[in-house]
Amino acid sequence: MSTRDRPPVEVRVYVPAPGEASDVELMPAGDVTEGVVRVGGTIRRPHQPQSLAVAGYLDWLEDVGFDGSPRYLGRDADGRDVLTFLPGQCAGPLPEAWVQSEELLASVARLLRRLHTASAGFVPDTHPFPPRFIPAGAVSQDPAELVCHLDVTPQNVVVRDGLAAGLVDFDLAGPSTALKDAFNTAMHWAPLRDPADAWPGWEGTDPLRRLRIFADAYGWGEEERLALPAFGIEATALSYERMRHNAAVLGGGWARMWNDGVGGLILRRRGWLEANAERLVAALSG
Ligand SMILES: Nc1ncnc2c1ncn2[C@@H]1O[C@H](COP(=O)(O)OP(=O)(O)OP(=O)(O)O)[C@@H](O)[C@H]1O
Ligand SMILES: [Mg+2]
């Protein structure tokens, strides 16, 4: 569909073409959104408060020729958001051994860099993103510099031929900075966490080596490399407060994650970042 005959996101209706495949497959459950299914070549997701803002962002990415995100096709007869299905493989809840590939890691960083380049200039106007909670007394790490993904976990990257080919699940997208999105992605993919919280089978991986691979492939400059430990420590502090707030106010999957101990995981991550700040900078330098 060309830009010209694409109705505005708020009135876009998805009408399947006659004879279009309609087999239904339940997608692996994430933490928050329930009921994500694949129907033929589409993904159906429950409509959410941020859906139209996300749809506007996906339209922008389509228009600038970014090929690593789903297209927003409209809403189906049940009111669900309809997106294109990106063929490939995503990690499961506990990332499998194949997710450890360093080629994959570097390709995730390159894909994220391409997303940031493609996103430059996008300003949400008609449908703003819902504001993110900022704890009292804290300074936001999300100024309106760049709209980006902000949840590039292994479960939200589509892998083809061993390389990152697409990003899905733009639920947390919104105005922030490239550094925040890149830190967040490195945190998920290195991963930066207390070794006590290593995923099964990941005990032998070296997060500092992986962080360096990410930094080089994404293209962090010296400033970002030096800023990283303090920025990451601040990010974990904000994330702890935000998760606690979302669990209390939004409930659902947020409350489930909180009850499952995500708060402790974030605090241990923070402690690990503090204890390893110098090693992190050393790994990123030279
Ligand atoms: N457009 C898409 N193309 C291919 N696969 C997708 C697409 N959207 C989702 N998936 C698959 O479905 C899984 C769950 O979808 P999604 O990540 O959108 O929801 P979720 O993780 O349940 O939501 P949340 O992270 O908000 O709780 C993904 O991990 C991925 O495997
Ligand atoms: Mg997801």
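1. A charge is taken to sit over a ring if NZ of Lys or CZ of Arg is within 6 Å of the ring centre and within 35 degrees of the ring normal. In this predicted model, R113 lies over the face of Y218, at 4.5 Å from the ring centre. R38 lies likewise over the face of F85, at 5.5 Å from the ring centre.

2. As to conventions, the model is predicted, so that local features need pLDDT of at least 70 and side-chain atom pairs count only at pLDDT 80 or more, while totals for chains, interfaces and linings use all residues. Residues are numbered from 1 along each chain as its sequence is written, and side-chain values use heavy atoms, with hydrogens and water left out.

3. The count of aromatic pairs is 9 (rings of Phe, Tyr and Trp, the last by its six-membered ring, with centres within 6.5 Å; planes under 30 degrees apart are stacked, over 60 edge-to-face, the rest tilted). W60 and F122 form a tilted pair, 5.6 Å centre to centre with 45° between the planes. Ring pairs also link Y57, W60, F122 and F170 into a cluster.

4. Burial is defined by relative accessible area (buried under 20%, exposed over 50%, partly exposed in between; 1.4 Å probe, protein chains only). W60 is partly exposed at 26%, whereas F122 is buried at 13%.

5. The F214 and W220 rings have centres 5.6 Å apart and planes at 65°, so this pair is edge-to-face. F214 is buried, with a relative accessible area of 1%, and W220 is buried at 4%.

Methods:
Chains are lettered from A and ligands numbered from 1 in the order in which they are written.
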